[in-house]
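The following paragraphs lead the reader through the structure shown below, from the parts of one chain to the meeting of two chains.

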Number of protein chains: 2
Amino acid sequence: MYVRKSRLLTPGPTPLLPSAVRAMGAADLHHRTAEFRAAYSGVIADLHYFMGTENGIALFASSGSGAMEAAVSNLFSPGDKVIVCAAGKFGERWVQMAQAFNLETVVLAKPYGESVLPAELEAMLRQHPDVQGVLVQATESSTGISHDVQSMGRMVAATDAILVVDAITGLGSSILEIDQWGLDVVIGGSQKSLMIPPGLAYCSVSEKAFRRAEIATNPNFYFNLRKHVEAGPKGDSPWTPASSLLLGMAEVLRYIRELGRDQLIRNAQLLARATRESAQALGLELFARNAIPAGAVTAILAPDGLDSGQIVRAYKDRFEAVIANGQGSMKGQIFRFAHLGYFDFHDLFATIAELEIILHELGRNVDFGVGVQAAQAVYLDALGAANGGQR
Amino acid sequence: MYVRKSRLLTPGPTPLLPSAVRAMGAADLHHRTAEFRAAYSGVIADLHYFMGTENGIALFASSGSGAMEAAVSNLFSPGDKVIVCAAGKFGERWVQMAQAFNLETVVLAKPYGESVLPAELEAMLRQHPDVQGVLVQATESSTGISHDVQSMGRMVAATDAILVVDAITGLGSSILEIDQWGLDVVIGGSQKSLMIPPGLAYCSVSEKAFRRAEIATNPNFYFNLRKHVEAGPKGDSPWTPASSLLLGMAEVLRYIRELGRDQLIRNAQLLARATRESAQALGLELFARNAIPAGAVTAILAPDGLDSGQIVRAYKDRFEAVIANGQGSMKGQIFRFAHLGYFDFHDLFATIAELEIILHELGRNVDFGVGVQAAQAVYLDALGAANGGQR
């Protein structure tokens with residue numbers, strides 16, 4: 001038996017930032033004190049920077065699904081018609097949630113592994129001019145694809161409808177110009193690019209969305225948007241905040257300010273590109289097809305004859321590493337590596353080297369090193385010149 | 001300048017259990033693994049022990065208000081009539097929440113500092129035989145009183161209505177025989193007797209309550225009771241759980257099993273009794289009148305001519321200790337010491353000695369030691385014999 005450190009390579013939870021772990025240990029913390037109010041309002045200010053928006057921001061003690069519910073329960077009334085772009089497990093969650101709140105749900109469904117095309121949404125908006133909202137994922141992490149929310153934002157902005165974007169894995173892993181693109185509600189979670197455990201969710205809310213909230217009649221209380229958006233900048237929360245997680249988030253946002261928000265996004269996208277090239281160099285097939293691949297997570301098809309669960313299990317059994325299987329009907333078919341948040345090339349080189357060992361062990365022909373070389377090439381292509389320039 | 005350790009003496013958040021703080025630092029944790037499922041289902045099993053109920057238990061990533069909303073949104077339909085027992089800030093929260101979900105709300109209001117009498121509820125139930133629910137606090141921590149939920153349970157059990165008990169500060173600080181007394185829904189939070197930071201809430205749900213959930217039409221998704229109650233014993237949660245807090249809770253519940261659930265309750269009640277006797281020995285007046293004093297928290301009236309905020313500030317400025325002011329209209333009038341969770345006599349002796357110094361400094365005549373002596377007498381009365389017996 002050798003040393004085996006346990007590692008998370010999943011698209012949420014993601015590896016924790018060490019200084020955030022230390023911050024979360026604060027045991028002498030009351031949330032209605034000047035110190036905590038300063039931390040809370042600082043987090044709200046830093047979220048404006050991280051999200052790149054001047055819209056109001058609500059922060060909830062909940063998982064990301066809670067902030068999704070906030071959008072549905074605050075912005076719509078029973079019988080309101082919404083279009084849901086659904087191409088994976090999280091698109092389907094929008095459908096379930098909209099139905100739970102008695103919305104009339106028009107589903108723009110695409111097969112798993114594909115993106116909804118802007119032209120398809122445009123046609124559907126023409127077909128349903130009475131639509132009051134469009135619900136979509138920036139990144140569908142169950143399949144490793146993105147939707148073109150920039151084009152969708154432009155289309156929806158020209159209507160009375162509002163665009164609600166689940167960017168729980170999209171934030172910090174893809175460029176989202178919230179204000180310019182007209183993304184009315186954009187939703188994030190703590191255990192993704194924000195490098196702390198699950199338990200906090202947040203969303204930005206445009207004035208257009210607030211105007212809809214004023215006439216919407218679905219009931220809400222815990223997830224009331226207006227109350228949260230107004231209280232946050234004062235360092236308050238309507239209900240007891242998840243205070244230890246908040247201190248961790250404050251630390252992470254400080255780190256992201258130092259690193260640069262765009263740099264964090266480029267980091268994820270570069271790791272995603274390297275992962276795609278490594279997988280293809282090893283003869284594996286990417287799951288994203290007719291699709292924009294996500295920067296947050298890469299989904300790879302298990303080779304013919306293998307259950308992807310075998311690969312997931314081998315990572316755990318051999319290397320104490322947790323990678324993601326497919327979800328729902330994709331279970332057993334794909335496996336997924338995450339890139340969003342606190343991941344670096346060191347993580348990736350080793351992960352690919354381990355993949356080579358695992359494929360070999362599962363009876364595949366593997367040229368050891370070929371996958372790693374592909375990742376090294378991406379690294380040198382992106383960072384080699386910069387290093388050279390510094391000499 | 002001397003060493004001053006910062007301390008929480010508030011009824012939530014409460015002091016953290018050190019082993020729970022260590023457990024919450026786990027950075028290599030994924031919630032869809034066998035290890036985490038075992039921890040999760042273990043927490044559900046231990047919550048059955050802690051709450052003393054065989055009813056199903058739902059565990060949410062939210063603050064306590066989220067679990068309160070779960071009761072309102074799962075069990076009732078718009079237009080349903082509920083009686084709300086309101087004698088403080090949290091009673092008023094029930095009213096706001098019931099109204100947000102369009103219930104017809106009959107308020108049984110009592111002045112702050114008093115308990116609702118069972119006979120008053122009985123009269124109101126006779127007056128409104130069409131009532132579908134009664135909402136109450138076990139402990140109204142804003143004023144330091146308890147309601148007699150045992151008698152209320154018996155009354156409501158004889159009707160078709162269900163009794164929903166906010167026991168966020170009542171659990172672990174007062175005896176609640178959930179199953180025997182017919183308490184249909186009983187709600188708790190993590191940052192109270194459970195000695196970890198805020199961010200988890202839980203509630204037990206009787207079969208009678210579930211029968212009502214089946215016909216209720218208020219919308220809910222994130223806080224769906226049935227989904228949570230069914231998933232928990234399997235170690236699953238419908239949405240991403242607040243996993244670091246859950247590991248902390250597992251540790252606390254292990255501690256409570258060792259200590260004994262009834263012993264934890266006796267501990268709070270003994271500290272509450274000692275606090276009351278100390279305050280009275282110092283010539284202070286208790287706020288609870290015509291009321292059952294709470295084991296969770298003791299509210300004391302500021303002496304004539306003093307704003308209770310002066311006492312709260314002095315604790316912070318002199319001793320880095322956070323005690324609670326009054327809330328809402330009680331602000332400036334009362335100050336509150338907590339007893340629920342990880343508090344011991346050592347904490348109390350020092351807190352009272354500090355109160356003597358603070359009252360002296362604020363110009364009151366104080367016989368130094370008189371308050372502490374009263375607490376010592378309670379300690380010796382309760383524990384002296386036991387220690388003697390062990391010699």
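Domain bounds, as used here, come from an automatic or database domain assignment. On that basis chain A is divided into domain 1 (7-13 + 260-390) and domain 2 (18-259). The model is a predicted one, in which local features need pLDDT of at least 70 and side-chain atom pairs count only at pLDDT 80 or more, while totals for chains, interfaces and linings use all residues. Residues are numbered from 1 along each chain as its sequence is written, and chains are lettered from A and ligands numbered from 1 in the order in which they are written.

The C-alpha centres of domain 1 and domain 2 of chain A are 27 Å apart. Between these domains, 30 residues of domain 1 of chain A are in contact with 32 residues of domain 2 of chain A; two residues are in contact if their C-beta atoms, placed from the backbone, lie within 7 Å. On the domain 1 side, helix H11 (261-281), strand S11 (292-293) and strand S12 (297-301) of chain A each supply at least two residues. Helices (H or I, at least four residues) and strands (E, at least two) are DSSP runs, numbered from the N terminus. H11(A) gives the most to this side of domain 1, with 5 residues.

Within chain A, a pair of helices can be examined in detail. The axes of helix H3 (residues 64-75) and helix H4 (residues 89-100) of chain A come within 10 Å and cross at roughly 50°. Axes are lines fitted to C-alpha atoms, for helices over the stretch in contact, and angles run from 0 to 180 degrees between N-to-C directions. In this contact A:Ser65, A:Met68, A:Glu69 and A:Val72 of H3(A) meet A:Arg93, A:Met97 and A:Ala98 of H4(A).

The next subject is the pairing of the chains. Here 43 residues of chain B are in contact with 42 residues of chain A. H3(B) gives the most to the side of chain B that touches chain A, with 4 residues. How are the two copies related? Chain B can be laid on chain A with an RMSD of 0.0 Å by a turn of 180° and a shift of 0.0 Å along the axis, and the two copies are thus related as by a two-fold rotation axis. The superposition is by least squares on the C-alpha atoms of residues with pLDDT of at least 70 in both copies. In chain B, the C-alpha nearest the axis belongs to B:Ser62, 2.4 Å from it. Of the interface residues of chain B, 98% are also interface residues in chain A, so the copies meet through the same surface.
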